[in-house]
Every structure is written in structure tokens, then in C-alpha cells.
Amino acid sequence: MIEINDGNFKTEVVDSATPVLVDFSAEWCGPCKKLEPIVADLARQYEGRIKVGHVDVEGSPSTAAQFGVMSVPTLIFFKGGKPADQIIGSVSRQVLEKSIQKVLA
């Protein structure tokens with residue numbers, strides 16, 4: 001997973017040739033910590049087909065605000081630089097995989 005912040009968001013996400021899954025979370029968030037290993041595993045599984053990144057909402061408040069992230073974890077799938085799907089809250093691996101498949105289709 002790559003670290004995405006206010007400074008590199010355009011380069012890493014908007015200008016990406018491949019779809020990007022962005023995990024918006026915070027250090028203090030328990031559900032975020034529970035979801036983190038699942039997201040990391042999916043990053044390995046789909047390597048080369050999607051890019052997976054992490055945004056710390058406290059460290060990058062502009063990016064979080066730009067996409068209306070009001071609670072964490074929030075996962076937003078970007079395709080062609082634009083949001084293509086969004087999941088709010090801690091969900092199962094199966095739910096994440098369905099969203100990935102939808103974005104890759």
C-alpha cells in the first residue's frame with residue numbers, strides 16, 4: 001500500500017492509469033485497524049490490476065474533505081481519476097472483493 005496525502009493525491013490517484021482503492025482512516029480508529037490487514041492482503045492479491053493507497057484523514061484533511069469523508073473507515077474506488085464506488089464502515093473481505101470486481105469490469 002502506498003501512502004497518499006494532500007500533496008501527492010493528484011499524482012497517485014487522479015493521474016493513475018489503473019483503478020485506485022483509497023482507504024481513508026485514522027490512527028485512533030479501531031474499525032480501521034481491523035480492516036487494514038484485509039486491505040493490505042487485497043493490495044497484494046490484485047497487484048498490477050489496482051493500486052491501493054492509504055490516506056490518514058488527520059494528516060490530509062483537504063483530501064478527506066474534498067471527497068466528503070465524514071467517518072472512518074471510508075474506502076473510495078477511483079477509476080479514470082473519478083470516484084467509481086464507495087464503502088463506509090468496516091466490511092467483510094467479500095464485500096471489498098465485490099466492489100473491486102465491479103470497478104475492474
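This is a predicted model: local features need pLDDT of at least 70, side-chain atom pairs count only at pLDDT 80 or more; totals for chains, interfaces and linings use all residues.
In which helix is Ser99 found?

View 1. Ser99 is found in helix H4, which covers residues 93–104. Its relative accessible area is 8%. Because buried means under 20% relative accessible area, Ser99 counts as buried. Leaving aside residues up to four places away in sequence, Ser99 touches Phe77, Asp85 and Ile87.

**View 2. The edge-to-face pair of Phe9 and Phe78.** The structure holds three aromatic pairs. In one of them, the ring centres of Phe9 and Phe78 lie 5.6 Å apart and the ring planes stand at 75°. An angle over 60 degrees counts as edge-to-face, and the pair of Phe9 and Phe78 is therefore edge-to-face. The pair links distant parts of the chain, since Phe9 belongs to helix H1 (residues 9–14) and Phe78 to strand E4 (residues 74–79), 69 residues apart. Phe9 and Phe78 are both buried.

**View 3. The edge-to-face pair of Phe67 and Phe78.** Here the ring of Phe78 pairs with that of Phe67; the centres are 5.1 Å apart and the planes are at 85°, so this pair is also edge-to-face. Phe67 sits in the loop between helix H3 (61–66) and E4, whereas Phe78 is in strand E4. These two residues are 11 residues apart, and their pair links distant parts of the chain. Both Phe67 and Phe78 are buried. Together, Phe9, Phe67 and Phe78 form one aromatic cluster.

**View 4. Helix H2 and its kink.** Helix H2 spans residues 30–45 and has 16 residues. From its first C-alpha to its last, H2 reaches 24 Å, close to the 22 Å expected at 1.5 Å a residue. A kink of about 30° lies in H2 at Glu36, shortly before the proline Pro37.

**View 5. The buried residues of helix H2.** Cys32, Leu35, Val39, Leu42 and Ala43 are the buried residues of H2. Among the elements that cover these residues are strand E2 (20–25), strand E3 (51–56), E4 and helix H4.

**View 6. Ser71 in the loop between H3 and E4.** Ser71 is found in the loop that lies between H3 and E4. Its relative accessible area is 35%, so Ser71 is partly exposed. In sequence, Ser71 and Ser25 are 46 residues apart; in space, they are 8.4 Å apart, C-alpha to C-alpha.

How values were computed
Residues are numbered from 1 along each chain as its sequence is written. Side-chain values use heavy atoms; hydrogens and water are left out. Rings of Phe, Tyr and Trp (its six-membered ring) pair if their centres lie within 6.5 Å; planes under 30 degrees apart count as stacked, over 60 as edge-to-face and the rest as tilted. Helices (H or I, at least four residues) and strands (E, at least two) are DSSP runs, numbered from the N terminus. Buried means under 20% relative accessible area, exposed over 50%, partly exposed in between (1.4 Å probe, protein chains only). The expected span of a helix is 1.5 Å times one less than its number of residues. The bend at a residue is the angle between axes fitted to the seven residues ending there and the seven starting there. Contact means heavy atoms within 4.5 Å.
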